[in-house]
Amino acid sequence: MVSAPRWLAALTTALGLPENKGQIMYQLASVDANGNPHVRTIGHRGFIEPEGSPNLPLLMCATDIRTPKVTQILTNPHVELIWWLSGSMEQFRLTGVVRLVPPPDAQLPDLPVQSTEASLAFQKMDAQGFEWEKKRVETYDVQPPFLRAGFARPPPGAIIENYDVGKSWPGIVPRAEDAQNEEEKQAYERGLRTFALMFFDPVEVDWVQLKERPNRRTKFIRKGEEWSEYIAVP
Ligand SMILES: Cc1cc2nc3c(=O)[nH]c(=O)nc-3n(C[C@H](O)[C@H](O)[C@H](O)COP(=O)(O)O)c2cc1C
């Protein structure tokens, strides 16, 4: 009987603590084709696992298909993320691979396809017939209207004349069924065409607990389906 890795229990416990309320942001690092690093803040959108495999948890987040990170992770799906939970003074550093779930009609850069086959979790979910596109649309729909609006704007990073240009963009985008007019309906559709999910499959986790005296550091490494655990010098 497989079970969830201890780091996941530690992370979900930390996230449930009142002192960590709302700390659902982590920093995700990727590299570009030249090997140069890029890091940015990303909002956590939940955990998911293949059926019957609690030992292979994935982290889900979302991005705009037009952002540079998309080309980076398509070029090299190996990424690292860091999650600092200031309330409990814990740091989780997770290393692994990402799978992108783009909108079906997205114009993706023409790159040699990088395999994420090393990811057992993705293989299992494919074999179980997981509906990646259905999950993408559901996730787009459940987010608050102000977040959905972020996906209906011009391409992130595009240069604009001045800050006031942004005043013409929709501040909120309701779900399709709640749209009051054609403009809102179009904004919903426009956002759905740029909204992409990213699923992160960790193979190494480095957990530091700074409230403990002496401080604690624990490393978790996955080989195949098995997680091993090591105590390390902080
Ligand atoms: C608090 C906060 C949360 C963010 N959440 C996300 C997110 O969930 N997804 C995302 O793509 N960008 C998010 N961003 C914006 C990114 O940090 C980044 O600026 C943007 O995605 C462009 O990244 P790139 O140029 O590296 O692709 C967030 C920024 C902040 C400050």
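Where is the place of Phe-146? Phe-146 sits in helix 5, which covers residues 145-149, helices (H or I, at least four residues) and strands (E, at least two) being DSSP runs numbered from the N terminus.

The model is predicted, so that local features need pLDDT of at least 70 and side-chain atom pairs count only at pLDDT 80 or more, while totals for chains, interfaces and linings use all residues. Residues are numbered from 1 along each chain as its sequence is written, and side-chain values use heavy atoms, with hydrogens and water left out.

**View 1. A nonpolar surface patch that includes Phe-146.** Phe-146, Leu-147 and Ile-172 make a nonpolar surface patch of about 300 Å². Patches consist of residues with over 30% relative accessible area and no salt bridge, where like charges are joined within 9 Å and nonpolar side chains (Val, Leu, Ile, Met, Phe, Trp, Tyr) within 5 Å; a salt bridge is a side-chain nitrogen of Lys or Arg within 4 Å of a carboxyl oxygen of Asp or Glu. Accessible areas come from the Shrake-Rupley method with a 1.4 Å probe, and for residues only the protein chains shown count as cover. Phe-146 counts as exposed because its relative accessibility is 52%, the classes being buried under 20% relative accessible area, exposed over 50% and partly exposed in between (1.4 Å probe, protein chains only).

View 2. A polar side-chain atom of Thr-63 lies 2.5 Å from an oxygen atom of the ligand, and a polar side-chain atom of Lys-69 lies 2.6 Å from a ligand oxygen atom. A polar backbone atom of Thr-41 is 2.8 Å from an oxygen atom of the ligand. Taken alone, the ligand exposes 620 Å², of which the protein buries 57%. Strand 2 (37-43), strand 4 (58-64) and helix 2 (68-75) are the elements that give two or more residues to the shell around the ligand, and strand 2 provides the largest share, four residues.

**View 3. Ile-73 in helix 2.** Ile-73 counts as buried because its relative accessibility is 4%. Between Ile-73 and Val-31 the C-alpha to C-alpha distance is 7.6 Å, although they are 42 residues apart in sequence.

**View 4. Backbone geometry in two loops.** Most residues other than glycine have a negative phi, and most peptide bonds are trans. Met-89, in the loop between strand 5 (78-85) and strand 6 (90-101), has a positive phi near 55°. Arg-213 and Pro-214 are joined by a cis peptide bond with omega about -5°, and Pro-214 lies in the loop between strand 7 (195-209) and strand 8 (216-223).

Conventions. Polar contact = N/O pair within 3.5 Å; in protein donor to acceptor, adjacent residues only side chain to side chain.
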